[in-house]
Amino acid sequence: GSLATTQDSALYGLLFTEAIHRKGLTFNNDTLIAQSEKYYRNVGNNDCRLARSLLHHAIVRYSQQSYAEAFALIKEAEEMAPQLGDPAFCYELYAVLGDMYDNAYDKTATLRYYQRSLDAAQQAHNDQWAARMLNNLATTFDQLEERDSFMYYMQQVEPLLPKLNGVIRAGALCNMGSYQLKEGDTIAAKQSLLQALKLTYLDKANYLLANIAKGEGDFNRATNLWY
């Protein structure tokens with residue numbers, strides 16, 4: 001009867017919210033995922049689903065700018081993670097934590113969580129996930145102007161480029177352009193950056209291209225890129 005219905009709607013709420021978040025979208029309303037979380041808390045026999053509910057509830061609360069609550073929820077999920085033995089969950093959890101710390105400008109914690117997410121992606125044997133985290137690590141080191149670490153991660157991203165698509169590919173191509181510029185290969189850099197911009201708009205790619213144009217003394221092209 002009603003227990004089965006509650007169970008079904010709790011699972012539906014969790015799976016539906018996960019699917020939305022995997023598309024890169026989020027909700028303005030946490031009613032659905034809060035019900036799932038409450039159900040799995042009360043049932044007390046499904047830690048895996050409770051942890052997933054906590055993570056996805058945290059993502060919704062974060063997008064609603066309830067940062068303290070989002071953080072409390074995700075930290076609870078993090079405490080559960082080691083017992084679950086689920087690399088796919090750990091990949092997702094640590095990636096979100098990395099993003100949260102990145103937004104808070106705590107680059108030390110950002111790097112720590114992206115590295116943990118990368119480890120989980122490699123345990124799960126998922127190249128797309130691994131490439132996304134290698135790329136996130138590279139981006140963070142580039143922001144910190146830590147050239148050697150940036151180069152190290154980009155060398156690992158390079159062989160994965162053919163397997164990537166969409167936004168992940170664009171981000172990797174943009175970093176590749178930055179890498180090629182540091183190597184002094186302006187022509188290759190320009191190609192990578194233009195390829196990245198074909199996939200999605202990236203401030204960094206535009207900025208680097210404008211710098212290349214300025215360096216070539218082609219000021220007309222440089223100013224066109226800005227307007």
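Me: What share of the 227 residues in the protein is buried?

Reply: Buried residues make up 44% of the 227. Buried means under 20% relative accessible area, exposed means over 50%, and partly exposed lies in between (1.4 Å probe, protein chains only). This is a predicted model: local features need pLDDT of at least 70, side-chain atom pairs count only at pLDDT 80 or more, and totals for chains, interfaces and linings use all residues. Residues are numbered from 1 along each chain as its sequence is written, and side-chain values use heavy atoms, with hydrogens and water left out.

Me: How many helices and strands are there in the protein?

Reply: Twelve helices and zero strands. Helices (H or I, at least four residues) and strands (E, at least two) are DSSP runs, numbered from the N terminus. Along the sequence the pattern reads α-α-α-α-α-α-α-α-α-α-α-α. The C-alpha atoms fill a box of roughly 75 × 35 × 30 Å, taken along the principal axes.

Me: How do I read two packed helices?

Reply: Two packed helices are described by the angle between their axes and the distance between the axes. Axes are lines fitted to C-alpha atoms, for helices over the stretch in contact, and angles run from 0 to 180 degrees between N-to-C directions. Take helix 7 (residues 127–143) and helix 9 (residues 166–182): they pack at about 45°, with axes 10 Å apart. So helix 7 is oblique to helix 9. Angles under 35 degrees count as roughly parallel, over 145 as roughly antiparallel, 65 to 115 as roughly perpendicular and the rest as oblique.

Me: Which residues of helix 7 and helix 9 meet?

Reply: From helix 7 come Q128, R132, N135, A138, T139 and D142; from helix 9 come I168, G171, A172, N175, S178 and K182. Contact means heavy atoms within 4.5 Å. By class, this contact of helix 7 with helix 9 has three nonpolar, six polar and three charged residues. Ala, Val, Leu, Ile, Met, Phe, Trp, Tyr, Cys and Pro count as nonpolar, Asp, Glu, Lys and Arg as charged, and the others, Gly among them, as polar.

Me: At what angle do helix 9 and helix 11 cross?

Reply: The axes of helix 9 and helix 11 (residues 203–215) cross at roughly 30° and come within 9 Å. Helix 9 is therefore roughly parallel to helix 11. On the helix 9 side, C174, N175, S178 and L181 take part; they meet K204, A205, L208 and I212 of helix 11. The classes here are five nonpolar, two polar and one charged.

Me: Is C174 buried or exposed?

Reply: C174 counts as buried, at 3% relative accessibility. C90 counts as buried too, at 12%.

Me: How many disulfides are there?

Reply: A disulfide is a covalent bond between the sulfur atoms of two cysteines. The rule asks for a pair of cysteine sulfur atoms within 2.5 Å. Here the count is zero. C90 is in no disulfide; its nearest cysteine sulfur, that of C48, is 9.7 Å away.

Me: What does L14 touch?

Reply: L14 lies in helix 1 (residues 2–22). Its relative accessible area is 0%, so L14 is buried. Not counting residues up to four places away in sequence, L14 touches I33, S36, Y40, R49, R52 and S53.

Me: Where is S36, and what is S36 in contact with?

Reply: S36 sits in helix 2 (residues 31–43). S36 is also buried, with a relative accessible area of 0%. Leaving aside neighbours within four places in sequence, S36 is in contact with S9, A10, G13, L14 and S53.
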